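I opened my notebook for a walk through this one. Here is what I looked up, entry by entry.

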Amino acid sequence: MTCPACGRELETMTAGPIAVEVCAHGCAGIWLDHFELEKVDEQSEAAGAALLEIPGDPSLTVDASQPRSCPKCGPETLMLRHFESVARKVSVDECPRCGGIWLDAGELNVIRNEFPSAEARHEAAKKMFSEMFDAQLAAEHAQTEAELARSQRVAHAFRFICPSTYLPGKQSGGAF
């Protein structure tokens, strides 16, 4: 596979139970197949420690603003860039076809230091979403409750006017 950042050939490196492709002696980036990042993204996961010190070419500069092609799917598939977590410290490149993730040099270290565990990451996400949407959701809930109350009043009025023996499907014959 070819490195999406610098164009050099990627080398396979074993990190615990997974084999990843790294740009050794190039930009020091890491290619992780679908769901492999979850196996190395926490400090407690020993497999990720081996990927923190990939030798790179210090004279090589990479333009992070350029779109990147997926090294697995080919140059016709451009990867999507998004933040890895709610803390928005690291943006990663993810392939929309195969789900693989490209990490530039040093990004795995930032990801591993961002949250101590998956639970802490989920709690931070819940807190951020709560801060962003709780007021709006409460307003929508109040509006829905008001509409429900109005609907119930109308339904009660119809029950008074039309007893259940005259409702569609409830009588043996009639006008409805």
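This is a predicted model: local features need pLDDT of at least 70, side-chain atom pairs count only at pLDDT 80 or more; totals for chains, interfaces and linings use all residues.

**Entry 1: Thr61**

I started with Thr61, which sits in the loop between H1 and S4. Helices (H or I, at least four residues) and strands (E, at least two) are DSSP runs, numbered from the N terminus. Is Thr61 buried or exposed? Thr61 is exposed, with a relative accessible area of 71%. My cut-offs here: buried is under 20% relative accessible area, exposed is over 50%, and partly exposed is in between (1.4 Å probe, protein chains only). I also checked Thr61 against Cys6: 55 residues apart in sequence, they are 8.4 Å apart in space, C-alpha to C-alpha.

Residues are numbered from 1 along each chain as its sequence is written, and side-chain values use heavy atoms, with hydrogens and water left out.

At 37% relative accessibility, Gly56 counts as partly exposed. Which residues does Gly56 contact, leaving aside its neighbours within four places in sequence? I found His25, Gly26 and Ala28, taking contact as heavy atoms within 4.5 Å.

Asp63 is partly exposed, at a relative accessible area of 41%. From the C-alpha of Asp63 to that of Gly100, 37 residues apart along the chain, I read 20 Å.

**Entry 2: backbone angles**

Next I looked at phi. Most residues other than glycine have a negative phi. Ala28 is not a glycine, yet its phi is positive, about 70 degrees. I placed Ala28 in the loop between S2 and S3, and Ala28 is buried, with a relative accessible area of 11%. Phe35, not a glycine either, has a positive phi of about 70 degrees. Phe35 lies in the loop between S3 and helix H1 (46-49).

**Entry 3: the cores**

Which residues touch the most other members of the largest nonpolar core? Ile30, Val40, Leu51 and Leu103 do, in a core of 19 residues. The elements giving two or more residues to this core are strands S2 (18-22), S3 (30-32) and S8 (101-103), along with helix H2 (107-114). S2 gives the most, with three residues. For the record, a nonpolar core is a set of buried Ala, Val, Leu, Ile, Met, Phe, Trp, Tyr and Cys residues joined through side-chain atoms within 4.5 Å.

I then followed Val40: neighbours within four places in sequence aside, Val40 is in contact with Ile18, Leu32, Glu45, Ala47, Gly48, Leu51, Leu108 and Arg112. Apart from this core lies another, of ten residues, among them Cys3, Leu10, Cys23 and Met79.

**Entry 4: cysteines**

How many disulfides are there? The count is zero, with a disulfide taken as a pair of cysteine sulfur atoms within 2.5 Å. The sulfur of Cys73 is too far for a bond, because the closest cysteine sulfur, in Cys95, is 3.7 Å away. Cys98 is in no disulfide either, and its nearest cysteine sulfur, that of Cys95, is 3.6 Å away. Cys98 is partly exposed, at a relative accessible area of 22%.

**Entry 5: His82**

I found His82 in strand S6 (residues 80-83). His82 is partly exposed, with a relative accessible area of 31%. Not counting residues up to four places away in sequence, His82 touches Val90, Ser91, Val92 and Glu94. The C-alpha atoms of His82 and Ser44, 38 residues apart along the chain, are separated by 25 Å.
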